[in-house]
Amino acid sequence: MREQSPDMATEISGLNKWYGSFHVLKDIDLAVAAGSRIVICGPSGSGKSTLIRCINGLETYQGGSIALGGVKLGDNAKETALARRDTGMVFQSFNLFPHLTVLSNCTLALRRVLKMSRKEAEDIALHYLEKVRIPEQAKKYPAQLSGGQQQRVAIARALCLNPRLMLFDEPTSALDPEMIKEVLDVMVSLACEGMTMLCVTHEMGFAREVADQVVFMDQGQIVEQAQPEMFFGAPSHVRAQQFLERILH
Amino acid sequence: MGFDFAFAISTVPTILGAIGTTLLVALISCLGAAGIGFGFEMLRRSGGLSGYAVRFLIDFIRATPVLAWLYFLYFVLPFYGVRLGALTVGILGLSVYFSGYLAEVFKAGIDAIPKGQQEASRAVGLSRLDTIIFIIAPQMLRNIAAPLGNYFVSILKATPYLAVLAVPEMLGQAFDIASETYRYAEPLTVAGILFLILALAISQAVKRVETRLLGSTRR
C-alpha cells in the first residue's frame, strides 16, 4: 500500500465504479496536491461528475480507494465524516435550501454541525457572502436571486465550513451566459487565494487562466492529464483533439 | 310541526358544551395521526424488513373502516387484558386510522423535494436527523399544506364516530337531545352549523399557514 500523504488534498487510486453492468469509472488514479487547481473536462457521460461525487461520498464505488488529506475514506466512519466536512461541494443546480434565507443557508451547518452560536455563525457567513460579493442579499430567499447570485451563495455556503478542498460540479452549466462571468470571477479569486480546487467544467477560458493541470476523461477513463498550455496547444490523444475541436471554435 | 327557532337556540348551550370534547379529540387525533403517519413514512423510506411491514400496515389501515378500529380497540382488546377508556380509544382509533392516509400525503410531499436537497445536506455535513428536521420536513410541509388541511377537517368530521363509545362530543349530544324530545331538526341543525363553523375556521387557518410558508420562498 502506498503511503497516503497529508500534503495531498485528495489521492485517488485504482478507483472503479459500476452502475449495474455499466462500468462508469475505470481504474482512476488522480492525486490533487494541496493548493493545486485541477480542471476535469470531457464529453458528457465520461464519468467526470461521478468521479468528484465519489470524493465527497455522494456516490459509492466498488473498487480502489480515495484519501482526503491523508485519511482513507471508509476505514473509520468518524474520520471519514470529518474528512468529508473538509470538502466543499458546489452543484450544477446550486441546491440551495429554498425555505431558508441566504444567511441561514450559510449558517445552518455552522450551527448544527460545528455547534457555533448564532452570532459566530452569522459573522462567518457574512464574511464569505462579502467574499462572493453579495452580502446585501443575506436576508433574501434563494428564489429572489438570479442564477448567478444563487451559485455564488452556494459557493459561500461551502466556504463557510472552511474546506481544504473545493469540488465544483459544472458550476456554470445551468447559468445564462451573462451570469457565467460573475461566478467564474469568484472562482478565479478563490484560486488566487490558494484554494485547492477540483472543477468539472467546460469553461476552457477558466481552465487556461487558473488550472495547474487539465484532466481529460472519456468513457470512464482519464485519457490525458497535462498542463493547460500542453493540453490546449498539443493534446496528445486523438479523443482529446476531437473534443477540443468541438468546443473551441 | 315547523322548525322551532326558540327550541333550536335552547339546545345550543348543551351542544356547545361538548365542543371542548370535539376539539380535544380532533386536535390530539390530528397530532397523533401526523406523528404516527410521519413515523410510518420514515420507516417505509428506510426500506428493509420494517419498511415492508409498514407498507403492509398502511395498506391494512386504509382498507379497514374507522368504526372497525374503534370497536376493535374498545371491545376486543379487553379480552387480551388491555382496557382503555372511551376517550383514549376514540383518539387512538382516529389517530391510527388517519395516520395511514397522512403517510401517503407525506410521501407525496417528500417525493416532490428535489434530490439535490438531500445531497446538499450531506455535502455540508448535516446528520440524517438534522436533514429531516431542518431540510426535508419544512419543504414537505410547504408542499402538502393544502391536502394536510383537508385531512385535519376530515378528522374533525370523523369525531362523531365516537358516539358509539358514548363519548359526549357535539353530534352525540345533539342526538341525545333529539331522542329525549323527539325533535330532530333543531338539535341536529345546530350541531351541523357548529361543525361547519369549525371546519371553515380550520381551513382558513390552514390557508394562512400556507400563505406564510409559501410567501417569498416559492421556487
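Buried area is the accessible area (1.4 Å probe) that two parts lose on being put together, summed over both. In this predicted model, chain B and chain A bury about 1800 Å² between them, with carbon and sulfur atoms giving 63%. Glu119(B), Ala123(B) and Val124(B) supply 28% of the area that chain B buries against chain A, more than any other three residues.

Here is the interface in brief; contact means heavy atoms within 4.5 Å, and a polar contact is a pair of N or O atoms within 3.5 Å, where within protein one must be able to donate a hydrogen and the other to accept it, and residues adjacent in sequence count only if both atoms are side-chain atoms.

| Item, chain B and chain A | Value |
|---|---|
| Residues in contact | 20 of chain B, 21 of chain A |
| Residue pairs in polar contact (both at pLDDT 80 or more) | six |

Two salt bridges (a side-chain nitrogen of Lys or Arg within 4 Å of a carboxyl oxygen of Asp or Glu) are counted between the chains. Glu119(B) pairs in this way with Arg53(A), their closest N and O atoms being 2.6 Å apart.

Now to a residue of chain B: Ala33(B) sits in helix H2 (residues 19-46). With 0% relative accessibility, Ala33(B) counts as buried, a term for under 20% relative accessible area (1.4 Å probe, protein chains only). Leaving out residues up to four places away in sequence, Ala33(B) touches Ser95(B), Phe98(B), Ser99(B), Leu102(B) and Ile155(B).

Residues are numbered from 1 along each chain as its sequence is written, and chains are lettered from A in the order in which they are written. Local features need pLDDT of at least 70, side-chain atom pairs count only at pLDDT 80 or more, and totals for chains, interfaces and linings use all residues, while side-chain values use heavy atoms, without hydrogens and water.

Technical notes:
Helices (H or I, at least four residues) and strands (E, at least two) are DSSP runs, numbered from the N terminus. Buried means under 20% relative accessible area, exposed over 50%, partly exposed in between (1.4 Å probe, protein chains only).
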